[in-house]
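Trainee: I would like to go through this model and ask how each label was reached.
Mentor: Go ahead.

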Amino acid sequence: MGAEPGPAAAAADGGGSVVKQKAAQLWSADEVVKWLRRYEAPIAQRHSHLFIRHDITGAALMRLTDIDLADMGIASPDDRSQLARQIYRLRIKQEIFDLCRMLEIRDKADTKS
């Protein structure tokens, strides 16, 4: 689906269904860098090349730890902390989106019964 990468949001369209966006776990490394530029532009300027070099896809991004970020070459503890915070926020937003999708599917199944 050609949705702009960004945290999956549990937004509703006019029909009351969850707006479909590409799940973060499915992002390419380029889409991860696009997300990084959107939410942490100064850090992206300094480190986006590392995300490309290490081929950090959305699935990999969601699993990154502070140690992983340091191993990638992000030496600044402040940068790693900011990145970890944004990744955590993305995980939460993705979980909310997934829950909303499950509820929508359940509600549709209930109305068909």
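Trainee: Which residues does Arg-80 touch, not counting residues up to four places away in sequence?
Mentor: Arg-80 touches Asp-66, Leu-69, Ala-70, Ile-74 and Ala-75. Arg-80 itself has its place in helix α5. Keep in mind that this is a predicted model.

Trainee: Why does Arg-80 count as buried?
Mentor: Its relative accessibility is 12%. Buried means under 20%, so Arg-80 is called buried.

Trainee: What makes Ile-67 exposed?
Mentor: Exposed means over 50% relative accessible area. Ile-67 has 59%, so it is exposed. Ile-67 is found in helix α4.

Trainee: Is Asp-79 buried or exposed, and how do you know?
Mentor: The relative accessible area of Asp-79 is 6%. The cut-off for buried is under 20%, so Asp-79 is buried. Asp-79 lies in helix α5. Leaving out residues up to four places away in sequence, Asp-79 touches Ile-43, Arg-46, His-47 and Ile-74. Asp-79 and Leu-69 are 10 residues apart in sequence, and their C-alpha atoms are 9.3 Å apart.

Trainee: How do the axes of α2 and α5 cross?
Mentor: Helix α2 covers residues 41-53. The axes of α2 and α5 come within 12 Å and cross at roughly 80°.

Trainee: Why is α2 called roughly perpendicular to α5?
Mentor: Angles of 65 to 115 degrees count as roughly perpendicular. The crossing angle is roughly 80°, so α2 is roughly perpendicular to α5. On the α2 side, the contact is made by Ile-43, Arg-46, His-47 and Phe-51. On the α5 side, the residues are Asp-79, Gln-82 and Leu-83. By class, this contact has three nonpolar, two polar and two charged residues.

Trainee: What makes α1 roughly perpendicular to α5?
Mentor: The axes of α1 and α5 come within 12 Å and cross at roughly 110°. The range for roughly perpendicular is 65 to 115 degrees, so α1 is roughly perpendicular to α5. Trp-35, Leu-36 and Tyr-39 of α1 make the contact with Leu-83, Gln-86, Ile-87 and Leu-90 of α5. By class, the contact of α1 with α5 has six nonpolar, one polar and no charged residues.

Trainee: Which residues of α1 are buried?
Mentor: They are Ala-29, Glu-31, Val-32, Val-33, Trp-35 and Leu-36. These buried residues pack against α2, α3 and α5.

Trainee: What makes Asp-30 exposed?
Mentor: Asp-30 lies in helix α1. Exposed means over 50%. The relative accessible area of Asp-30 is 57%, so Asp-30 is exposed. Asp-30 and Asp-55 are 25 residues apart in sequence and 8.7 Å apart in space, C-alpha to C-alpha.

Trainee: Where does Asp-55 lie?
Mentor: Asp-55 lies in the loop between α2 and α3. Asp-55 has a positive phi of about 50°, although it is not a glycine.

Trainee: How many residues are in the largest nonpolar core?
Mentor: The largest nonpolar core has 21 residues. Those with the most contacts inside it are Phe-51, Ile-56, Leu-61, Leu-64 and Met-72. The elements that give two or more residues to this core are α1, α2, α3, α4 and α5. Apart from neighbours within four places in sequence, Leu-61 is in contact with Trp-27, Val-32, Trp-35, Phe-51, Ile-56, Ile-87 and Leu-90. In soluble globular proteins, nonpolar side chains tend to be buried together.

Trainee: What does the secondary structure of the protein chain come to?
Mentor: It comes to five helices and zero strands. Of the 113 residues of the chain, 35% count as buried.

Trainee: What pLDDT does the protein chain average?
Mentor: The average is 83, and 81% of the residues score at least 70. Over residues 1-19 the pLDDT is below 50.

Terms used
Residues are numbered from 1 along each chain as its sequence is written. Side-chain values use heavy atoms; hydrogens and water are left out. pLDDT is the predictor's confidence in each residue, from 0 to 100. Contact means heavy atoms within 4.5 Å. Axes are lines fitted to C-alpha atoms, for helices over the stretch in contact, and angles run from 0 to 180 degrees between N-to-C directions. Helices (H or I, at least four residues) and strands (E, at least two) are DSSP runs, numbered from the N terminus. Angles under 35 degrees count as roughly parallel, over 145 as roughly antiparallel, 65 to 115 as roughly perpendicular and the rest as oblique. Ala, Val, Leu, Ile, Met, Phe, Trp, Tyr, Cys and Pro count as nonpolar, Asp, Glu, Lys and Arg as charged, and the others, Gly among them, as polar. A nonpolar core is a set of buried Ala, Val, Leu, Ile, Met, Phe, Trp, Tyr and Cys residues joined through side-chain atoms within 4.5 Å. Buried means under 20% relative accessible area, exposed over 50%, partly exposed in between (1.4 Å probe, protein chains only).
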